[in-house]
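Okay, shall we get going? Here's the one I wanted to show you all today.

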Amino acid sequence: MYIMFPLMYDNNKILEIIKYYFDKGSLRKTAKKFGIHYNTLWKWVKKYKRAKDVNDFINYRKPWNRIKGEIEQRVINLKENYPLLSLRKAKRILEKEGIELSVKCIWRIWKRAGFCGFEKNSPTSRFTEYISVSKEDKILINRAKIFLNNGEIGKAANIINSLCFCSEGGLLKKIPDNYLSKKRLLEKYTYSIFEVPMTKYYKVMKKLRNYFYKKGLYYSSLRALLQEMIALEWLCEPEKIIKISSKFLKYFKNINDKNLKFHFLISRGIAFAHLGEFRRVKEILKECKKFAIPNPEFYLPISSLYSFIYENNNAIKNIHFVSKKNDTFYLYLSSFIFNAGDYVKLSKILKRLKIDKEREYLKDLILSARFLIKGEINKSQEYLIRSLKGFKRSRFKDYIFSSSLIYSQIYCFLGKYKEGLSIIRKLLPFLRKYKLKRDLSIASILLSGKIEKKFLNYPLIKILYFLNRAKKKESYYYKAMRISKKYKINGYFHRFILFYPEIILNLIKKGKKTYLPKGVLRSPVFNKEKIVYNIKFLKGFYVYKNQKRIKNYFTKKEKAFIIYLALKISEPGKKINLDEVVSNFWKKNGNKNLTRLLYKIRKKLKIMGHQIEINRKENVLINKGIYFITDYFDFETSLNRANAFLKVDNWEFAKKEFFGVLKLIKNRPLEKIYDRWSEDLRTEIIMKYNEVIKKFKMECIKRKDYKWFYKFASNELFYLTTD
């Protein structure tokens, strides 16, 4: 028997009223609040309490023409067992079994089960986002919510498990795994893709894929397979992606789930791109474009795949077909426009770009590279560190290589060519371990000039090949430039030319045009008259001028002031308020003391008077021609790189980075220097250092890596504490 409710109340409203009653506990007050008779409310509550099965639900009546549950399950299993089965073939199979159903009826059952009737304009790799939910399932989901809010997890789970598809990810996340069926687990983890460690996500999806395959539920197995492939993308395993996807390739050829097929192809394309299989990528791109003709939103992933083979011209061309101009669109577009070297247009896009915190690090990485091209090294360093801090797992393999390149290019910009290459050399084991052949080929040609022929199909690698040859014959420089213009990868060209300073110096000497941005041409690597001071204060105190050590004696006050200058006004054009300088270092006669100290430092560092000067009119201290770099930047970068490796559960590389952080510090930095600013900096460094050791030791214990634990425990700096 079912109770009929007033038409003014829909199912959601009735459930809201019942929930309010359970929270407040007053029948009459609840009835008065919602304008209903208390007897009506009492009937609803009684019916809710008596509910035993999923169909015995408030205001829910099973349709009179609904077929039997066994038959419906048989129709669903047909599609699960034969993912390529069409509606008419399914009808013929059922007729042979004595089941007479129309094509429309089969379609409705498959739609409710999430096998057809997908929502349009949803080009996503997560099937949970494009399956349309039936009204019946929505009602049952609301019922499960009430049970869950009342602490009845078992009842809520029974309802959820009876569904064909659960559209409420938040609800699934609240229910423990052991209460959920395998299909619900697949949906739960698909919703939770960014919230669990990627190694765990991969293991769960692999286990579910094998379970479904053994049970003959091939459609669900294919969905789990795609999520497994995406996890392997983040875990830097392109060869595994190709291996497992090749086994299921026949299933994807004629499947009617376009999203599933499309993203399966995209994932394979990205894997092939990393392995240097250029022709296979191009074949996949041709096939993927067929999906984008009726649905322009598919052009965004296609553009992304083009960027993996450095065909930025096609990436920009295709992304403009996307009709939905949201923040994700502008984030991708800003990346492509930067790589094209159109910096004016990039500035306009970045001004309007507002993205969530999950992807803020990508914007920071673009800004870091942009400020490098402009010659604003301080800002480039700042945004690089910010991107490392804000890293959120997404596309880690590309991210760590891209950030390492920028880190290396900053050093090359400052004329520290060997240090720049050493950063790339340290990354080689990472690239070899995960067989990222495309990135490894870039690193290899930068370090040794060697390259496999098959990688010459990639425009960027062809540019690097020509730049290596341009050392002997300058015409190759212009060939490289023509390729960068053709494929719209001038942004790459402007950054990678920093690895080949001798080519530009030779062209400048001959009075020939380089066609490089002014910010790049002003860099110390191309201007020998530019002065770069390298200040090392974390492991003793050393000053290097253009890589030659200055052996003068410095007092503690002079050391503190030099470090202060290096961190506060690190490049030409930077200025700092005089009042701030004086208040940090002196209590009395600040202006006189500053003038004297600045004179002594200029003399010892061999700095010309006009290069760092006091402007009394503006009341500022200005840097007019010197670049400073410190080992504090290395400390922060290494620390954040270690945390980035740890976030993706890459322990082997994380511990090497952690150990590198410890090597940077020998004694207490700024020890026995007692001005306010120095004490604050020392405290900050020591606190970060102690945090590194504590975090690393905990990870060693967690992973039972006692060998490295004892290395840290016996480290002489372990006892460091703040003042």
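Predicted model: local features only at pLDDT ≥ 70, side-chain atom pairs only at ≥ 80, totals over all residues.

Residues are numbered from 1 along each chain as its sequence is written, and side-chain values use heavy atoms, with hydrogens and water left out.

The chain has 37 helices and 7 strands; those are DSSP runs, H or I with at least four residues for helices, E with at least two for strands, numbered from the N terminus. The C-alpha trace spans about 100 × 65 × 55 Å along its principal axes. Of the 723 residues, 55% are buried, meaning under 20% relative accessible area with a 1.4 Å probe and protein chains only; exposed is over 50%, and partly exposed is in between.

Now the helix pairs. Helix α13 (residues 238-247) packs on helix α15 (residues 258-275) at about 135 degrees, axes 8 Å apart. Axes are lines fitted to C-alpha atoms over the stretch in contact, and angles run from 0 to 180 degrees between N-to-C directions. That makes α13 and α15 oblique: under 35 degrees is roughly parallel, over 145 roughly antiparallel, 65 to 115 roughly perpendicular, and the rest oblique.

Then α34 (residues 631-647) and α35 (residues 651-663): their axes come within 8 Å and cross at roughly 160 degrees, so this pair is roughly antiparallel.

Last stop, Tyr706. Tyr706 sits in helix α37 (residues 706-713) and, at 40% relative accessibility, counts as partly exposed.
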